[in-house]
Amino acid sequence: MALIPILLYPDPRLHKVAKPVQAVDARIHRLIDDMLETMYDANGIGLAASQVDVHERLVVIDISQERDQPLVLINPEIVWASEEMHLNEEGCLSVPGIYDGVERASAIKASALDRSGQRRTIEADGVLAVCIQHEMDHLLGKVFVQYLSPLKRNRIKTKMLKLAREESR
Ligand code: NI
């Protein structure tokens, strides 16, 4: 297994739209393992393939305290979302150090292939519902800061570009 570099906002590659995974084969299994290792290493609860510059519909999630409940979603679709919305504080491995409120459906039902290529239905509320919606946005090229006001978003962009400049020095 190997760590993969995570793209940082405002990297334009984060806005590419991911294509469906064609086959759940050895290449995808390797990618899943590397993404899980990368997510755990970064102390994240979710990572989309888009964030590691692979533009295929694949997401890994683990919201457990023990970090031992990996959830793999391949070609996920949201098949139902509650009308009830909830405002949650979100963060993102591609926007480190930034947390802000985003309103999302408070419960969802998603359909996705698991690691073995079996189709599964996942019913989620709370943190898991937020996480699935956040990660699926990445597959559409959307980063959570795009839900914030233009003023906030520009401030975040400036801060991230300044950090990147400092780190490349
Ligand atoms: Ni994210």
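# Fold, exposure and backbone exceptions

Visitor: For the 169 residues of the protein chain, what is the radius of gyration?
Guide: The radius of gyration is taken over C-alpha atoms, and the globule rule is 2.2 Å times the number of residues to the power 0.38. By that rule a compact globule of 169 residues would come near 15 Å, and the protein chain agrees with this, its value being 16 Å.

Visitor: What kind of model is this?
Guide: Residues are numbered from 1 along each chain as its sequence is written, and side-chain values use heavy atoms, with hydrogens and water left out. Local features need pLDDT of at least 70, side-chain atom pairs count only at pLDDT 80 or more, and totals for chains, interfaces and linings use all residues, this being a predicted model.

Visitor: In what pattern do the elements of the protein chain follow one another along the sequence?
Guide: Helices (H or I, at least four residues) and strands (E, at least two) are DSSP runs, numbered from the N terminus. The protein chain has three helices and seven strands. Read along the sequence, they give α-β-β-β-β-β-β-β-α-α.

Visitor: Which residue of β6 stands opposite tryptophan 80?
Guide: Strand β3 is joined to β2 by four bridges in an antiparallel arrangement, with isoleucine 61 placed opposite leucine 71 of β3. β3 also pairs with β6, again in the antiparallel sense, over five bridges. In β6, the residue opposite tryptophan 80 is lysine 109.

Visitor: What share of the 169 residues in the protein chain do buried residues make up?
Guide: Of the contacts in the protein chain with a separation of 6 or more, 64% are between residues 24 or more positions apart. Its C-alpha atoms fill a box of roughly 45 × 40 × 30 Å along the principal axes. Among the 169 residues, the buried share is 46%.

Visitor: Which two residues are joined by a cis peptide bond?
Guide: Most residues other than glycine have a negative phi, and most peptide bonds are trans. The cis bond here has an omega of about 5°, and its proline 10 is found in the segment before α1 (26-41). The residues joined are tyrosine 9 and proline 10.

Visitor: What phi does asparagine 75 have, although it is not a glycine?
Guide: Asparagine 75 has its place in strand β3, and it is buried because its relative accessible area is 13%. Arginine 67, likewise not a glycine, has a positive phi of about 60°, but it is found in the loop between β2 (58-61) and β3 (71-81) and counts as partly exposed because its relative accessibility is 26%. For asparagine 75, the phi is positive, at about 50°.

Visitor: Which residues does arginine 13 touch, not counting those up to four places away in sequence?
Guide: Arginine 13 is found in the segment before α1, and because its relative accessibility is 34% it counts as partly exposed. Its C-alpha atom is 21 Å from that of tyrosine 99, a residue 86 positions away in sequence. Beyond its sequence neighbours, arginine 13 touches Leu7, Asp53 and His55.

Visitor: How far apart in space are aspartate 41 and leucine 3, C-alpha to C-alpha?
Guide: Aspartate 41 lies in helix α1, where it counts as exposed because its relative accessibility is 53%. In sequence, aspartate 41 and leucine 3 are separated by 38 residues. In space, their C-alpha atoms are apart by 8.0 Å.

Definitions and conventions: Buried means under 20% relative accessible area, exposed over 50%, partly exposed in between (1.4 Å probe, protein chains only). Contact means heavy atoms within 4.5 Å. Two strands pair if DSSP finds at least two bridges between them.
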